[in-house]
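Please show me the structure, and then let us go through it by question and answer.

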Protein chains: 2
Amino acid sequence: MASDAKLSLRKDLARELGADSVVDSEQVGPYCHDAAIQRGLRGVPDAVVRPADAAGVARALRWCYRHDCSVVPRGGGTGLVGGAVAVDGGVVVSVERLNAVRGVYPELGRMYVQAAVSTANVSRLARESGLMFPPDPGAAAQSQIGGNVATNAGGPHAFKYGPTRRWVSGLEVALAPGELAVLGSDARKDASGYDLVGLLAGSEGTLGIVTAVQLRLAPAPATVSPGVVFCSTAAAQGLLSDVLGSGLQLAVLDFIDAPAFALARGSYPGAEVPRGEDNGTDDGFAFLVELDGSATAVAEQRSELAAIVGAHGAHLDGDFDQAQLWRWRDGLNGVIAGIRGGKVSEDICVPAERLLEALAGVQAIGSELGLEACAWGHAGDGIVHATYLVDTADGEEVDRALDAGRRALSLALALGGSITGEHGVGVVKRDLLGANWDAATLAAHGHVKAALDPKGLLNPGKKEPLGGWNAPQLQPQPAHRIDGRSC
Amino acid sequence: MASDAKLSLRKDLARELGADSVVDSEQVGPYCHDAAIQRGLRGVPDAVVRPADAAGVARALRWCYRHDCSVVPRGGGTGLVGGAVAVDGGVVVSVERLNAVRGVYPELGRMYVQAAVSTANVSRLARESGLMFPPDPGAAAQSQIGGNVATNAGGPHAFKYGPTRRWVSGLEVALAPGELAVLGSDARKDASGYDLVGLLAGSEGTLGIVTAVQLRLAPAPATVSPGVVFCSTAAAQGLLSDVLGSGLQLAVLDFIDAPAFALARGSYPGAEVPRGEDNGTDDGFAFLVELDGSATAVAEQRSELAAIVGAHGAHLDGDFDQAQLWRWRDGLNGVIAGIRGGKVSEDICVPAERLLEALAGVQAIGSELGLEACAWGHAGDGIVHATYLVDTADGEEVDRALDAGRRALSLALALGGSITGEHGVGVVKRDLLGANWDAATLAAHGHVKAALDPKGLLNPGKKEPLGGWNAPQLQPQPAHRIDGRSC
């Protein structure tokens with residue numbers, strides 16, 4: 001859009017929403033990217049609005065719908081797949097001013113928050129009430145509850161507690177052509193309507209804009225106890241399968257593969273290190289676990305876990321400060337990215353019984369393309385963050401790593417898994433979305449999208465196959481960097 | 001439809017699906033009703049087909065879609081709201097021949113079954129593998145897994161384990177205009193598409209026909225221990241709230257109110273009876289609980305529960321044979337219906353903190369209309385089966401009881417709850433469906449329905465407000481018996 005057209009657009013929006021709701025053109029920089037900027041993804045919106053309230057969000061949507069102007073909903077901007085980036089222009093609708101906590105009712109285990117309340121604040125408010133908000137995606141300080149719903153965010157604790165959707169009992173959402181809907185209720189079980197809350201959850205801003213969320217909170221466990229299980233890579237699948245089959249209700253069952261652990265072991269806060277360290281990385285496969293419940297229940301789980309661990313010749317490093325271990329785990333991303341300056345990570349998901357097969361595949365892809373590879377993720381859920389180290393200044397290497405990442409996505413599909421377990425599709429994974437779906441499933445997605453966004457203006461092109469739902473171009477294509485417009 | 005037209009329809013369907021897939025006209029009797037026959041609901045289909053396989057179901061749907069013929073999907077026929085009844089004719093598509101168990105994989109906690117496998121068989125297969133399929137709606141021997149998905153069935157254990165949806169990782173479903181779709185995957189977490197599995201779950205056959213289900217199974221708890229807590233009606237809400245706030249993860253937290261317990265106490269299998277029995281029913285409010293987990297964990301929960309119970313002057317009757325207690329609980333329905341010959345029961349759901357308010361309202365409605373009232377249900381989820389005793393031979397009384405039931409639905413809405421927690425909407429609750437929803441929510445439901453069933457032929461009129469989604473007639477209306485056609 002030409003700059004005079006943008007000026008006129010901003011004026012129109014200011015008239016509609018109030019001048020303070022339209023971001024000055026010099027201030028739009030931060031709205032031109034999300035965390036997918038790591039792969040060069042940027043997009044300049046034609047305008048950025050930040051309505052003062054939910055009604056303003058609906059009004060912004062209505063104005064855009066009337067004027068055939070596309071809308072890019074934006075929360076904390078921590079997404080990794082470009083879901084909040086205006087790659088083809090349009091109006092970014094930021095919910096940043098919807099940051100009120102409407103109410104916390106500890107005795108009822110409920111909380112009502114507007115969309116821009118950060119995940120960290122939701123967790124803190126729950127904790128201060130003696131309760132727990134289980135979902136724990138990364139970047140909690142920046143990520144917002146509205147975005148958590150829009151991506152159905154997970155995290156380590158999703159293994160036991162499920163993703164964000166499970167903790168959402170109601171939503172206030174702006175729907176096309178620009179109306180507010182309140183979905184769900186205080187009743188824990190409601191069989192009256194279609195599950196539109198579930199449909200909106202994980203829809204990545206393509207079906208509506210979340211403006212407020214009604215959350216359920218869990219009782220906080222009396223005891224939380226982390227541990228790290230070290231074993232050889234060869235033993236890891238058997239150990240994982242036995243833990244999964246045992247009925248042990250671990251709160252967290254994460255993994256850090258041997259190459260990743262080797263890269264991050266310098267800062268590892270545990271008392272013990274892998275026994276086989278002198279044999280290279282082969283004995284340093286780590287499962288990060290967390291047990292929770294009453295002190296008795298945790299002790300019982302720990303001894304059951306220890307028995308399984310022992311049977312596999314592994315050992316359990318169990319004397320941790322919980323906060324310290326999680327700080328190390330949360331820092332993994334940065335530490336590994338720092339080794340060579342950067343990394344390309346892809347989030348894939350496979351059936352848990354094929355986790356080690358997937359990890360071997362991630363390594364094989366790295367070998368073939370001459371890249372250092374490692375992986376970590378949520379073993380219990382089969383979620384793998386397949387990672388290739390790069391020197392970000394070396395464009396050719398970055399391209400190779402992006403190619404590797406794409407091959408990892410194909411690998412996940414070949415193993416009966418998914419191209420994304422947590423991060424969503426956004427624009428980054430469009431070309432493989434639906435590659436393993438049948439025609440009726442593809443068509444149903446298109447029908448649902450058209451039902452709630454008949455003009456196709458809500459986050460256009462996101463979470464949609466290249467070519468759209470009706471004519472998807474699903475042949476896996478050679479990797480390409482998505483550079484968008486410079487910002 | 002005239003009988004010669006029906007004959008011609010049956011011939012067409014026999015040509016399309018094979019003669020053995022079309023039910024003879026003299027054999028359609030059992031397909032003319034579901035469990036809503038208790039309230040006089042019947043409907044004669046124009047034809048009944050029972051395809052041999054999933055492809056046949058899709059073919060039946062395709063034929064009907066091509067010929068603008070409505071389709072009424074049918075499972076076990078245990079529904080209570082007429083969801084499987086052809087109230088306006090059409091072709092009943094029974095999935096009864098899709099009764100194969102495709103595979104049970106205990107070590108992976110997965111099971112693949114066709115739609116007509118009974119809930120009891122799913123549970124048994126899980127149990128025989130040392131696992132558990134938690135959903136436990138009533139009528140397990142007749143109800144089928146496809147119908148359980150179509151209604152997102154719950155039951156007592158849904159309090160801890162969630163409804164059917166939580167245990168479904170994938171669906172094979174016939175979608176309009178007649179294609180099979182496979183939704184979901186073996187990956188435990190998949191962020192790639194819209195949650196169409198969740199959308200189909202609970203859609204009551206209005207969006208597609210479930211032909212097979214991929215289930216997750218839970219580890220079977222080592223110890224399961226039931227108990228009954230007796231308290232006064234006045235103490236019940238405080239006790240419930242304290243249990244809910246305590247963080248105790250009870251597997252079941254059901255209730256049987258004092259009037260219901262008084263009616264069923266003759267067969268109560270417990271060692272103790274309510275202490276206040278001589279004071280009438282006021283001290284006979286019962287919570288039926290179940291604790292599960294390791295023996296240690298159960299013992300610990302039991303002592304924590306006992307402390308709460310003691311603080312409310314209640315007492316815990318805890319020495320039961322589990323099977324015996326559940327047989328008694330499962331028989332409640334029949335016992336109470338037998339007192340005067342029949343009953344009208346409505347399934348409502350309220351926020352759990354308003355349970356006793358709802359129960360008082362159920363009684364007040366009974367008093368006002370001169371009916372004996374009682375209730376039981378799932379206290380933890382706020383689900384109330386509001387029940388009015390009738391002499392089924394007394395049509396005027398039955399009408400009054402139906403009126404009472406409708407008032408109970410309005411009561412649920414007034415308390416911030418729902419007109420159905422478990423049983424669904426079917427045809428029985430259409431006139432109140434959406435009565436407390438905003439216009440955008442109503443419209444969104446209509447759009448989703450039209451997206452997946454553009455001709456409106458899938459179970460028409462079910463789970464839809466009177467007048468349809470676009471022009472709902474939502475004013476609460478005087479109760480009426482739905483008599484349909486005689487069968």
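Reader: What should I know about the model and its numbering?
Author: This is a predicted model, where local features need pLDDT of at least 70, side-chain atom pairs count only at pLDDT 80 or more, and totals for chains, interfaces and linings use all residues. Side-chain values use heavy atoms, without hydrogens and water, residues are numbered from 1 along each chain as its sequence is written, and chains are lettered from A and ligands numbered from 1 in the order in which they are written.

Reader: What area is buried between chain B and chain A?
Author: Buried area is the accessible area (1.4 Å probe) that two parts lose on being put together, summed over both. Carbon and sulfur atoms give 60% of it, and the area is about 5,200 Å².

Reader: Which residue forms a salt bridge with A:R188?
Author: A salt bridge is a side-chain nitrogen of Lys or Arg within 4 Å of a carboxyl oxygen of Asp or Glu. The count between chain B and chain A is 4. For A:R188, the closest N and O atoms are 2.7 Å apart, and the partner is B:D381.

Reader: Why do the copies meet through the same surface?
Author: Compare the interface residues of the two chains. The copies meet through the same surface because the share of chain B interface residues that are also interface residues in chain A is 100%.

Reader: By what turn can chain B be laid on chain A?
Author: Copies are superposed by least squares on the C-alpha atoms of residues with pLDDT of at least 70 in both. The RMSD is 0.0 Å, the shift along the axis is 0.0 Å, and the turn is 180°. The two copies are thus related as by a two-fold rotation axis.

Reader: Is A:T392 buried or exposed?
Author: Buried means under 20% relative accessible area, exposed over 50%, and partly exposed in between (1.4 Å probe, protein chains only). The relative accessible area of A:T392 is 51%, so A:T392 is exposed.

Conventions: Contact means heavy atoms within 4.5 Å.
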